[in-house]
Amino acid sequence: MPVDMWWFIGGAWTLLAAAGVLLLAPAPGTRGGGPAPDAQSVALLRGGRRAAVTVALVALQQRGAVTSGRRGTIRVDGWGTAVRDPLQLAVHTSLRRAVGIGVLLTAPRVRRALDALRDGCARAGLLRANRRWRTARGLLYAVPVTVAAGLLLHRPAVPDAPLRVGVAALTLAAAGALWRVRRQTPAGLRLLASLRDAHPLETHRASGPRVLMSVALHGDRALLLHTPHFARDGGLLGTGGTDHGFTPDERASGRGTDTSAGDPA
């Protein structure tokens, strides 16, 4: 193998080492233990941003503040003056007209509330911090590019081909292994497992906080059990909504228009 080829392999393994540190080393400032996370944090931990917003919508529906709209959308159904939870408040104030959950996820206020929820989980050591996660993913993206560049620019002689292929395959396999590292930390995965043991899926419809934790942990199965009509009619089980989203002005301000409230575009 030409000596120059090792520069590319060395560069790829340097990227791998940096990504491994970002993904596997504990982030500074994280804390373990502490109070149990609420249902929305658990939903974010299990299923991401959409799952967290789904729990927020179910909480608002139980308070009589939202209901299902037309064609798989959600609309306001009452005043949200008693809502204090940041994500629920962001969801309620973003529903100035009926929208699907997929569109609701793009609302600026909702995105900021979700970012704050995610950062709280990261500080608690349950999720890998967003900056570290994105940086590690970018480094892993660069690994196959670096290997391919080395293979193309410094092609070895035929007798060296097996060694070249073997080193390249090992490098890509290591990158693939790191790519499979989950966003949840081991502490976060242990928490989800313990919560599932403590809160198995009910066999009968329930109400109150139990519903929120059930939806957070069990997703669609819990929605169909506890709030089947709201889940189906509101598009929580599908892609959510058939409207075209917020207008550019609405995205910038975080407000919807009142003139089309209750009717998707």
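User: Which residues does Val53 touch, not counting residues up to four places away in sequence?

Analyst: Val53 touches Leu87, Val91, Ile101, Leu104, Leu105, Val110 and Leu114, leaving aside residues up to four places away in sequence. Here, contact means heavy atoms within 4.5 Å. A word on the source: this is a predicted model, where local features need pLDDT of at least 70 and side-chain atom pairs count only at pLDDT 80 or more, while totals for chains, interfaces and linings use all residues. Residues are numbered from 1 along each chain as its sequence is written, and side-chain values use heavy atoms, with hydrogens and water left out.

User: How many residues has the largest nonpolar core, and which have the most contacts inside it?

Analyst: This core has 51 residues, and Val53, Leu57, Leu87, Val91 and Val110 have the most contacts inside it. Its largest share, nine residues, comes from α3. Apart from it lies another core, of 16 residues, with Ala12, Leu22, Leu23 and Val147 among them. The name follows a rule: a nonpolar core is a set of buried Ala, Val, Leu, Ile, Met, Phe, Trp, Tyr and Cys residues joined through side-chain atoms within 4.5 Å.

User: Why is Thr171 called buried?

Analyst: Buried means under 20% relative accessible area, exposed means over 50%, and partly exposed is in between (1.4 Å probe, protein chains only). Thr171 has a relative accessible area of 0%, so it is buried. Thr171 is found in helix α8, residues 161-179. Among the residues that Thr171 touches are Ala12, Trp13 and Val147. As for the labels, helices (H or I, at least four residues) and strands (E, at least two) are DSSP runs, numbered from the N terminus.

User: And what makes Asn130 buried?

Analyst: Its relative accessible area is 18%, so Asn130 counts as buried. Asn130 sits in helix α7, residues 130-153, and touches Arg118 and Arg183, not counting residues up to four places away in sequence.

User: Why does Arg71 count as partly exposed?

Analyst: Arg71 has 48% relative accessibility, so it counts as partly exposed. Arg71 lies in the loop between β1 and β2 and has a positive phi of about 55° although it is not a glycine.

User: What makes α2 roughly perpendicular to α6?

Analyst: Two packed helices are described by the angle between their axes and the distance between the axes. For α2 and helix α6 (residues 108-123), the angle is about 80° and the axes are 10 Å apart. That angle makes α2 roughly perpendicular to α6. The cut-offs are under 35 degrees for roughly parallel, over 145 for roughly antiparallel, 65 to 115 for roughly perpendicular, and oblique for the rest. Axes are lines fitted to C-alpha atoms, for helices over the stretch in contact, with angles running from 0 to 180 degrees between N-to-C directions.

User: Which residues make the contact?

Analyst: Gln40, Ser41 and Leu44 of α2 meet Leu117, Arg118 and Cys121 of α6.

User: How do you know that α10 is mostly covered?

Analyst: Eight of the ten residues of helix α10 (residues 209-218) are buried. Val211, Met213 and Leu217 are among them. The buried residues of α10 pack against α2 (39-47), α3 (49-62), α9 (186-198) and α11 (220-226). Just after α10, Gly219 takes a positive phi of about 60°.
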